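Good morning, and thank you for coming. Please turn to the structure on the screen.

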Amino acid sequence: MQNNQITILSAGSFHPALLELIKHWNMPIIKLRTIFGPAGLLRERIEQGENCDLFISADTKQIEQLEAQHKISHSQIIAQNQLCLTLLNKAEYKECSALDLLLNPNLRVGTSTPICDPSGDYSWQLFEKIEQAYPTHGNRLKNHAYQLVGGRNSVKIPQGELASCYLLQHYPIDMFIGYAHYRKQLKHNSAFIIKSLPAEFSIMANYSCGLLNQNAMRFYHYLASSQAQAIIQSQGFMIQTKD
């Protein structure tokens, strides 16, 4: 932190939640500088020396890699998420389950980019579960999925647009696998429908926060406070329940 400024590198999917958290954080003398992007690529930037006081990842893997390099001193899970399918609102999709749609070889699926973006990694975990239950289908999805966002040279999504909506309208895909918390933003948009995955194919995304600089400790603890957790939940995320 320099000149009363904390630099936060955060997963792009946590963008609205983080801005809302900052709005309610009662420390106006400290400026919070935010940089958003795919967590895998942000982790690489930290490894290469980019200034970062606090890192929020859509998984725990990126945090653990930085902990192994002794760059992160404390970490905690601050939110949880799941995957869902988003599609254009067409009559032929309405009575189909998410699994029906994924098993249909005539439908094209879009995802984020594995390794660079945890959302892509979670999609591949889903495909592996499908492969175990329905041999050949999971591998087909891996081989034919359009990795459209979250990579080094991915599609640039216009500001203010949800990736799933933009891609479904402008690219040759029939469905997009993304995070379920976006359901809140699409609740009143009749142009799209969202399908939840069956429980046996559910993938839990644990959003983890890592502390790189002790000067960001107050905000790190704030993220686990009851106020912050309520804000995170209001943005469509799940939170861990305390025993």
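I begin with charge: across the interface of domain 1 and domain 2, the rule finds 2 salt bridges. Please keep in mind that this is a predicted model. Asp121 and Lys61 form a salt bridge through their side chains, at 3.4 Å from N to O.

Which elements give two or more residues to the side of domain 1 that touches domain 2? They are helix H2 (39–47), helix H3 (61–68) and strand S9 (204–211). H2 gives the most to that side, with 4 residues. Sorted by class, the side of domain 1 that touches domain 2 has 8 polar, 6 nonpolar and 3 charged residues.

Domain 1 is made of two segments, 5–80 and 206–235, while domain 2 covers 82–201. The centres of the two domains, taken over C-alpha atoms, are 26 Å apart.

How many residues of each domain are in contact with the other? On the side of domain 1 there are 17, and on the side of domain 2 there are 14.

Finally, I turn to area. The size of an interface is often expressed as the accessible area lost when the parts come together. Between domain 1 and domain 2, about 1100 Å² is buried, and carbon and sulfur atoms give 48% of that area. Within domain 1, the residues that lose the most area to domain 2 are Ser13, Leu41 and Gln235, together 35% of what that side buries.

Key: Residues numbered from 1 in each chain as written. Predicted model: local features only at pLDDT ≥ 70, side-chain atom pairs only at ≥ 80, totals over all residues. Heavy atoms only, no water. Domains from an automatic or database assignment. Contact = heavy atoms within 4.5 Å. Buried area = accessible area lost by both parts, 1.4 Å probe. Salt bridge = Lys/Arg side-chain N within 4 Å of Asp/Glu carboxyl O. Nonpolar A, V, L, I, M, F, W, Y, C, P; charged D, E, K, R; others polar.
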